Amino acid sequence: MTDDMVNSRIPGLKDLTLDERREIVATNSPLSADDFAAWDPATALTLEQADHMIENVVGVLPIPIGFAANFTINGRDVLVPMATEEPSVVAAASNAARIARASGGFTTSSSAPIMRAQVQVVDVADPQAARLRLFEARDELIAAANAQDPMLVSLGGGVRDIDVQLVEAANQTYVVLHLIVDVRDAMGANAVNTMAEAIAARVGELAQGRPVLRILSNKADLRVARARAVFSAEQLGGEEIVDDIVHAAALANADPYRAATHNKGATNGIVAVVLATGNDTRAVEAGIHSHAVREGRYTALTRFEKDAGGDLVASLEIPMAVGLVGGATKVHPGAQKAVKMLDVSTASELAEVIVAVGLAQNVAGLRVLATEGVQRGHMSLHARNVAVAAGASTPEEITAVAEKMVSEKAVRAERAAEILEEVRGDGK
């Protein structure tokens, strides 16, 4: 399939059956009809496969996987797989992407896939001099680290440099050597951890102290991905809505209480794609939240402005340590199909898609907050879950119970049970 065959603009998705959606995805992505078996409960991750992934396996926990439509990223249409249990996430990302599409979609970029490993040295008598001794051994340490992964080096990756920092702790000054490593299309944890462990003893000798920790840092501030897009004021609901979105973002910039929820809005989309592709959600979130506090206080990740024409301009720049090789991405059959669906060939391309989705998610959330409030749309979707939990078992029952609860603004388990009893009584 070529890029010009993909059309991510698909109206009316909510009214289609599951089989019809699969047919659309197969038509507009590299996936074939057979690929969906990787997401079917009966044929997805087997217990045997799961038993090889983690310890003490007793089963698997399926998470719904859907796809966000309408995304144009760097001129390329793409359908985006998203794994999430939360209603409204996929629909919100798709809706924001539809609005951005009218202005050309998302433009993205990224830095080189650089990760850090740290080697901590304790009980150093002369930390300042130890720091310089380590810099003097730069070439030796880089060569020793690169010798641990000749394949990575052959692919153009490997250690690019070292840094040495002195960290003032409660009882002493720690000497901490950083390996700066280009990990290519891997997330990089295994590669940099192996390198750090291999050189730790020599680092301790040079610093004249005792090495303790030797492990990567999830503060991947040298490995960032960026996305920006323009959202038409007319399609958002008017210039006043743009102003209110900018006001809401300004509060998140200034107030950590609001920033935490604001950033959660972006990570709704980010984590859904990270999880779908078998990447490490905890590592990504750790990097994101450490980035949010890089200036000394917790603040918003996204930036919102109004351009000269009155439209909303949104941007996002965050660490994004994801990979296409190694880990669950290569083991989990569903993750493999998610990557195939995206049709990305490098980890940087994957990172850029993820950041574009995070930006779309945040815009969608702020638009709702600036207009009708979060509960109306969210509760409409949540009501269906409540109806099922109350015992509604047919599409007709689920719809009837959900719509009644939403109209009454009473999306509660006990009310769902009462309405279900009424619906079944009327059907007798």
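Predicted model: local features only at pLDDT ≥ 70, side-chain atom pairs only at ≥ 80, totals over all residues.
Is Asn263 buried or exposed? Its relative accessible area is 0%, and since buried means under 20%, Asn263 counts as buried. If we leave aside its neighbours within four places in sequence, the residues in contact with Asn263 are Ala292, Tyr298, Thr299, Ala300 and Leu301.

One of those contacts, Ala292, takes us to helix α11, which is made up of residues 281-292. This helix has twelve residues, and from its first C-alpha to its last it reaches 16 Å, which is close to the 16 Å expected at 1.5 Å a residue. At the N-terminal end of α11 sits a cap, Asp280, with a side-chain oxygen 3.1 Å from the backbone nitrogen of Arg282. The buried residues of α11 include Val284, Gly287, Ile288 and Ala292, and what the buried residues of this helix pack against is α10 together with β10, the strand at 312-319.

That strand brings us to the sheet. Which strands form it, and in what order? There are four, arranged as an open sheet in the order β3-β8-β10-β9, with antiparallel pairing. The edge strands, each pairing on one side only, are β3 (107-110) and β9 (302-306). On average, and with direction ignored, neighbouring strands of this sheet are turned by 15° against each other. As a reminder for anyone new to this, strands of a sheet pair through backbone hydrogen bonds, in either a parallel or an antiparallel way.

Strand β3 is joined to β8, residues 224-231, by four bridges, and here Ser110 has Ala225 in β8 as its bridge partner. Next, β8 and β10 pair over eight bridges, again in the antiparallel sense, and Val224 stands opposite Pro319 in β10. Finally, β9 and β10 are joined by five bridges, where the bridge partner of Lys306 is Leu312 in β10. These two strands, β9 and β10, also form a hairpin with five residues between them, and in the turn Gly310 has a positive phi of about 90°.

What lies across these strands? Helix α14, residues 347-370, lies across β3, β8, β9 and β10, and it runs at about 45° to β8.

Note on methods: Residues numbered from 1 in each chain as written. Heavy atoms only, no water. Buried < 20%, exposed > 50% of the residue type's maximum accessible area, 1.4 Å probe, protein only. Contact = heavy atoms within 4.5 Å. Expected span 1.5 Å × (residues − 1). Polar contact = N/O pair within 3.5 Å; in protein donor to acceptor, adjacent residues only side chain to side chain. Pairing = 2+ DSSP bridges. Axes fitted to C-alpha atoms, helices over the stretch in contact; angles between N-to-C directions.
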